[in-house]
Amino acid sequence: MVTSLLITNGTIATIDPRQPEAEAVGIIGDRIVAVGNRAMVEGSLPRGYQTLDLAGRFAMPGFNEAHNHMLIYGQNLGQIDASYPAVRSIEDIKARIAERAASTPEGSWIVGWGYDDNKLDERRHPNRHDWDAVAPNHPVMIVNGSGHLSAVNSLALQRAGLSRDATDPQGGHYVRDEHGEMTGVLHETAQDAVRDAVPAPTVEDYVEALGRTNKRYVAAGITSSQDAMSRTPEEIAAFQIASREGILQPRTTLMIRENLLPEITGLGIQQGFGADRLKIGPIKLFIDGSLIGRTAAVTQPFLEDPVEDNLGLTMMPQEELDDYVMQAHRAGFQIAIHAIGDRGIDMVLDAYEKALAAHPRDNHRHRIEHCGILRPDLIERIARMQVLIVTQPIFITEYGDGFIRHLGLERAQLTYPFRSLLDAGITVVFSSDCPVSSFEPLKSIEASVTEKTGSGRSYALEEAISVEEALPLYTVAGAYSTFEEDQKGMLRAGMLADLVVLERDPRAVEPEEISQVPVSQTIIGGETVYEG
């Protein structure tokens, strides 16, 4: 039996510029059928409809998490938590490793995630000697919160076949001590050999990980999600199983890594293949590293860096990037490229420009993921080329103090500059990059409004935006970024019935309290999937 639902008696923000607020919303099955005054909406519903009484609460479209790593996050939930404030020092991480080693058979891997050297008491990266002291008989790999570097122990290096004679791979760096020995700190692609030595998860492991992620996402009001790292058949299979069996409830778009481009184009698969619960999205590439790891490709050296004149790393030469972009663009795909440093952003724009010149295409909606360190000329160029920016305000809260340390306050003013991007007419899309940062959308919205770091320091106050401006960037902008703005992101008749109910109106609380507004209900396709 198809259910029908009336939502009323509260504040309803539609995010629809034609009708910004409404008295009621009517739903039949998985679609919105009417939005407006209560009498009109009631008249559109069959007899016997149910009523969701908001009782003064706030309803709006569900959040669209436009860039995150669902599988990685779910896996991390079963690993050592090395993030701040769970740990505050290297000694704290060592204690957690020692505890795990005591209950893990010798020779088995110990893996963790989340440390940030900027927040550790020692203000340095851990090294192999730290981990060797507490787990010499277990290979250990603790990944930095950015995901772009790791600290491993001696046994992990041995398992990966790495010795002092190893040469740096393209896009990576083995940190060495004054004697030329590896310290165990691995930047970017230098992590790959160790990752390859860790036993690969099974499809069943991935499905379980997605289930863990699902519970937390729906509790945060996330109704759509774009996973940024589908790179193996096993990962794609896990998404299909989890979605089909209802283990994964948010509507999910898979960004396909460039290594699978020949396979999917060979099968004739195009972007949008799938259904509204799970579909193929953009082709995803990386061009540089992270800002907090000081591996983003920049034009001015990082500050307070042990490497003199460090300009970061690029994952591939310009020619190789151009080739990948040309292939994906010619095949009709939207392209999403991770670029954080201004030098990396320049490279991405160069590649897009060449592809568009060779094969002009209106409404391409090519994306830059993160797009951190900008210059005025880059902002102008992005606007002219109509490139979308998928960015993460929560970085300012969680990593802003480190950004200032690595760039200086002046350069930080155009690092994640939301106001400047919007004023230039650029389409800006908000997301979290979870597990790099918190997946809770209200935390990102608060960060974009307050422009304060985790220590409470002012970051770039002139780049702050209003709550009213931020809400669409986490709803309809996310839908637009995957060509789905006619299906979701607003409360309008004919659209999917995906909503979130908050205890209070985030537009009516103090800016520093936005992240504290509780999520009380999440609805996907007319079905309640979470109640707080």
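**View 1. Residues at the contact of helices H11 and H12.** Asp342, Ile345, Asp346, Leu349, Asp350, Tyr352 and Glu353 of H11 meet Leu378, Arg381, Ile382, Arg384 and Met385 of H12. By class, this contact of H11 with H12 comprises 6 nonpolar and 6 charged residues, with no polar ones. As in every view below, the coordinates come from a predicted model. H11 and helix H12 (residues 376-385) pack at an angle of about 25 degrees, and their axes are 11 Å apart. Because angles under 35 degrees count as roughly parallel, H11 is roughly parallel to H12. The crossing of H11 past H12 is left-handed.

**View 2. Packing of helices H10 and H11.** Helix H10 (residues 318-330) packs with helix H11 (residues 342-358) at an angle of about 45 degrees, their axes lying 9 Å apart. This angle makes H10 oblique to H11. The two helices, H10 and H11, cross in a right-handed sense. From H10, the contact is made by Gln318, Leu321, Asp322, Val325, Met326 and His329. H11 contributes Met347, Val348, Asp350, Ala351, Tyr352, Lys354, Ala355, Leu356 and Ala358. The contact of H10 with H11 contains 10 nonpolar, 2 polar and 3 charged residues.

**View 3. An open sheet of 6 strands.** The strands follow the order S7-S8-S9-S10-S12-S11, and their pairing is mixed. At the edges are strand S7 (80-81) and strand S11 (172-176), each of which pairs on one side only. Within the sheet, strand S8 (residues 110-115) pairs with strand S9 (residues 140-144) in the parallel sense, over 5 bridges. Val143 in S9 is the bridge partner of Trp113.

**View 4. Strands S1, S2 and S3.** Strand S1 (residues 4-13) and strand S2 (residues 21-28) are antiparallel and pair over 7 bridges. Here Leu5 has Ile27 of S2 as its bridge partner. S2 also runs antiparallel to strand S3 (residues 31-36), to which 5 bridges join it. In S3, Ala34 is the bridge partner of Gly26. The hairpin of S2 and S3 has 2 residues between the strands, and Gly29 in this hairpin takes a positive phi near 65 degrees.

**View 5. A salt bridge in helix H6.** Asp192 forms a salt bridge with Arg195, with 3.9 Å between the closest N and O atoms. Both Asp192 and Arg195 belong to helix H6 (residues 192-197), where they are 3 residues apart, about one turn of the helix. In the model as a whole, the count of salt bridges comes to 32.

**View 6. The cis peptide bond between Tyr84 and Pro85.** Tyr84 and Pro85 are joined by a cis peptide bond with omega of about 5 degrees. Pro85 lies in the loop between S7 and helix H3 (90-102).

**View 7. The cis peptide bond between Cys434 and Pro435.** A cis peptide bond also links Cys434 to Pro435, and its omega is about 10 degrees. Pro435 occupies the loop between strand S20 (428-430) and helix H16 (441-450).

**View 8. Backbone of His370.** His370 has a phi near 85 degrees, a positive value in a residue other than glycine. His370 is placed in strand S18 (residues 367-370).

How values were computed:
Residues are numbered from 1 along each chain as its sequence is written. This is a predicted model: local features need pLDDT of at least 70, side-chain atom pairs count only at pLDDT 80 or more; totals for chains, interfaces and linings use all residues. Side-chain values use heavy atoms; hydrogens and water are left out. Axes are lines fitted to C-alpha atoms, for helices over the stretch in contact, and angles run from 0 to 180 degrees between N-to-C directions. Helices (H or I, at least four residues) and strands (E, at least two) are DSSP runs, numbered from the N terminus. Angles under 35 degrees count as roughly parallel, over 145 as roughly antiparallel, 65 to 115 as roughly perpendicular and the rest as oblique. A crossing is left-handed if the near helix is turned anticlockwise from the far one by less than a right angle, and right-handed if clockwise. Contact means heavy atoms within 4.5 Å. Ala, Val, Leu, Ile, Met, Phe, Trp, Tyr, Cys and Pro count as nonpolar, Asp, Glu, Lys and Arg as charged, and the others, Gly among them, as polar. Two strands pair if DSSP finds at least two bridges between them. A salt bridge is a side-chain nitrogen of Lys or Arg within 4 Å of a carboxyl oxygen of Asp or Glu.
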